[in-house]
Amino acid sequence: MTRSQLFLSTLISFLIGIGLYRWISLPLLYPLLFCCGVFIIFVIGRRAPLLLLCLFGLSLGVVRATVVSELAQLPEGNTSLQGQIVAAPDIRRDHIKYTIEIPNSKSQIPNTNKQKTNSNNQITSAEQNNDAKILVRALLYPRFRLNDEVSFSCFVRHPEPIEDFAYDRYLALSGIATTCSARHFDLVQSSHWSFSGALIDGREWVTAQLSRILPEPEASFEAGLLVGARRGLPEWLTEAFGRTGTTHLIALSGFNITIVVNLIMSMAIKTIGRRHAFWFVLLAISLFVIFVGGQASIVRAGIMGCIAAFAGHVGRPSRGINALVLSGVSMVLVNPRILLDDAGFQLSFGSTLGLMLLSGHVDRWVHFLPERFEIRGTISATIAASLFTLPLILCVFGRVSLVSLFVNVLILPLIPFAMAAGTAALLLSVLSLSLGILFGAATWLILRGVIMVVEFFALPDWSLLHFATGQYWWLLLYFGLFAWVWYLDRRQRAALKISQA
C-alpha cells in the first residue's frame, strides 16, 4: 500500500476507536486491544504494517474518548443566577434561547470530592474547574445581546432524551448540561463593541430587511438560506420540508452548502480556470462563514464545502478523501462528541464524501441533461450526496422520504438563483426600499415555486416511511455503496485502458 493509503487507514481507525468507546464497555476495550496487538506482533509480525497502524489509530481513538471532560452541571431546583451571554441568541417565532455561562460553578456542584460514572461508563471526577453553561428560554422582549451580563431566576433542569431524540447529548455538543425557562431578566452590564457582536447585528439586520421586502413565509425561507435564521417558518411548512427530505434547505447545512459550492466551483472553472477557481471559492466560503456569525455548525459546513472544492481543484478524489477524513479527525479530536451525536457533522461528511466518490459517475449517466446554468452538475451532485446520506438519515431520524431524491433534483437547482436574487434585492433595498421590493419579486417567484413543489409532494401519506431510530445496521448500506463505487471506478479504468490501446 502507498503511504497515502496507510495514512488514510490510520485516520479511519482513529474514528472507529472513538465509536467503539461508545458501544463497548471500557473494561473490555483494553484487553481486546492488547490481545490484538499481541496477535499482530507475534503471529503476523512485520508483514502487517497496515494492521499495526490500524491498531495504533484505534488505540488513540479509545484514549481520546476516555479523556472527554465531564460538563459542569448546576443542581436542579429554583435558583437565582448571574452570568454572561456567550453565544448568538437563538431567536424563534415566540421565544429566544440564550446560552449563558455561569461563573464559579464548581461551588454549586454537589459531591465535588466523589467520583461518578457517566453514560459511556467513563469514570470522571465531579469536581469542575470550568464555568457551567445553561440554555435559558426567555420571552422575545426585552432583547439582550452577545456578551451582555444578565441576572435571572428560574427552575434549573437537567436535559433528558425527548422520545427518540437524545436532547441531552445534543446540548452537550455545545458544552451545555442544564436548561431552564425564565420570564424576567435584569441587565447587569451591557456588552462593549465586538466583532462577533457586530456580525450578529448584521444577521439581524438582514432578517429584518428581508421581512420588509418579502412576504411570509418566503422572507423566513430566504433568511434561512442566506444567514441560517430559523424563525418565522410555520409548522406546516417545516413539516412539509421534513416529509419531502428537504429540511436541509430551511437552514444552512453542509448538505446544501456542498451542493452550492460544487455549482460555484464548476462555474468558476469555466470562467477563470481551474487554477484560480479553488481560491475564489475558498475566499467566498470564508467570507460567508464570517458573515453569518461563525456558529459551529456553519463552520463545519464551510470546512466540508472547502474540502469539496479542494477535491475539484486537484482533480483526484483520493487526495480529496484524505483531506476530508483528516478534517473530520481534526474536528473529532477537538470534540469527540460530534462523531456520534452531531447529525449535522455526519450529514456534512456523508454528502461531501458522496460528491467526491459518486458525482463524476452520475454526471456521465445524466449526460443527456443540458449543461446550461449548471443543471447537469447540480443534479448529479444532488443524487450523489443524497445516496451517501441515506443510511445516516435512516439511522438517526428513523424515517425516509420516498420522494426526497426527486424533489431535491427538482428544487436544488433553483436554490443558488434564490440566494443570488435575494442578495441582489437585499443590496438594492439599501438604496431604495421600493427598488428592493421590485427586485424581490423575482426572489419571491423562485421561493414560491419551491414551496409549491414541497407542499405538493408532502401531501401523499405514502411519501414518508417510518423506521425505528438508533438501528445502526442501516450503516451496513455503506459497504454496498463503497463496493458499488469501487466497481464503477474499476470499470472506468478498464474502459480507459481499452480506449488507449
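Helices, in the numbering used here, are DSSP runs of H or I with at least four residues, numbered from the N terminus. Under that numbering, W484 is found in helix α19. The model is predicted, and the exercises below work through its parts.

**Exercise 1. The overall make-up**

Task: State how many helices and strands the protein has, and what share of its residues count as buried.

Solution. 
- Step 1. The protein has 19 helices and eleven strands.
- Step 2. The chain has 501 residues, and 48% of them count as buried.

**Exercise 2. The nonpolar patch and helix α19**

Task: Find which residues make the nonpolar surface patch of about 460 Å², and which helix gives the most to the patch.

Solution. 
- Step 1. The patch is made by W365, W484, W486 and Y487.
- Step 2. Helix α19, residues 477-500, gives the most, with three residues.
- Step 3. Patch residues need over 30% relative accessible area. W484 has 32% and is partly exposed.
- Step 4. F482 also has its place in helix α19. Its relative accessibility is 38%, so F482 counts as partly exposed.
- Step 5. Leaving aside neighbours within four places in sequence, F482 is in contact with L353, L357 and F388. The C-alpha atoms of F482 and L358 are 9.7 Å apart, although 124 residues separate the two in sequence.

**Exercise 3. The nonpolar cores**

Task: Name the residues that touch the most other members of the largest nonpolar core, and the helices that each supply at least two residues of this core.

Solution. 
- Step 1. The largest nonpolar core has 37 residues, and V325, V332, F345 and F388 touch the most other members.
- Step 2. The helices that each supply at least two residues of this core are α1 (3-23), α10 (296-314), α11 (317-334), α12 (338-341), α13 (343-357), α15 (375-396) and α19.
- Step 3. Residues within four places in sequence left aside, the contacts of V332 are F14, L15, I18, I338, L339 and F345.
- Step 4. A second, separate core has 33 residues, including A229, A418, L426 and I451.
- Step 5. As a general point, nonpolar side chains tend to be buried together in soluble globular proteins.

**Exercise 4. Aromatic pairs**

Task: Describe the geometry of the pair Y98 and F144, then that of the pair F406 and F457.

Solution. 
- Step 1. A search of the whole structure finds twelve aromatic pairs.
- Step 2. Y98 and F144 pair edge-to-face, with 6.1 Å centre to centre and 70 degrees between the planes.
- Step 3. Y98 is in strand β3 (residues 96-102) and F144 in the loop between β6 (132-138) and β7 (149-156), so that distant parts of the chain, 46 residues apart, are linked. Both Y98 and F144 are buried.
- Step 4. F406 and F457 are also edge-to-face, at 5.5 Å centre to centre and 70 degrees between the planes.
- Step 5. Since F406 lies in helix α16 (residues 404-411) and F457 in helix α18 (residues 433-458), the pair ties together parts 51 residues apart in sequence.
- Step 6. F406 is partly exposed at 47% relative accessible area, whereas F457, at 19%, counts as buried.
- Step 7. Ring pairs also link Y98, F144, F152 and F185 into a cluster.

**Exercise 5. Salt bridges and helix α6**

Task: Say how many salt bridges the structure holds, and why helix α6 is largely enclosed by the rest of the structure.

Solution. 
- Step 1. The structure holds three salt bridges.
- Step 2. R92 forms one with D90, the closest N and O atoms being 2.9 Å apart.
- Step 3. The side chains of D341 and R169 meet in another, at 2.8 Å from N to O. D341 lies in helix α12 and R169 in helix α4 (residues 167-172), so this pair ties together parts 172 residues apart in sequence.
- Step 4. E218 forms a salt bridge with R448, with 2.4 Å between the closest N and O atoms. E218 is in helix α6 and R448 in helix α18, 230 residues apart.
- Step 5. E218 has 1% relative accessibility and counts as buried, because buried means under 20%.
- Step 6. Ten of the ten residues of helix α6 (residues 218-227) are buried, so the helix is largely enclosed by the rest of the structure.
- Step 7. Just after α6, G228 takes a positive phi of about 75 degrees.

Definitions and conventions: Residues are numbered from 1 along each chain as its sequence is written. This is a predicted model: local features need pLDDT of at least 70, side-chain atom pairs count only at pLDDT 80 or more; totals for chains, interfaces and linings use all residues. Side-chain values use heavy atoms; hydrogens and water are left out. Patches are made of residues with over 30% relative accessible area and no salt bridge: like charges are joined within 9 Å, nonpolar side chains (Val, Leu, Ile, Met, Phe, Trp, Tyr) within 5 Å. Accessible areas come from the Shrake-Rupley method with a 1.4 Å probe; for residues, only the protein chains shown count as cover. A salt bridge is a side-chain nitrogen of Lys or Arg within 4 Å of a carboxyl oxygen of Asp or Glu. Buried means under 20% relative accessible area, exposed over 50%, partly exposed in between (1.4 Å probe, protein chains only). Rings of Phe, Tyr and Trp (its six-membered ring) pair if their centres lie within 6.5 Å; planes under 30 degrees apart count as stacked, over 60 as edge-to-face and the rest as tilted. A nonpolar core is a set of buried Ala, Val, Leu, Ile, Met, Phe, Trp, Tyr and Cys residues joined through side-chain atoms within 4.5 Å. Contact means heavy atoms within 4.5 Å.
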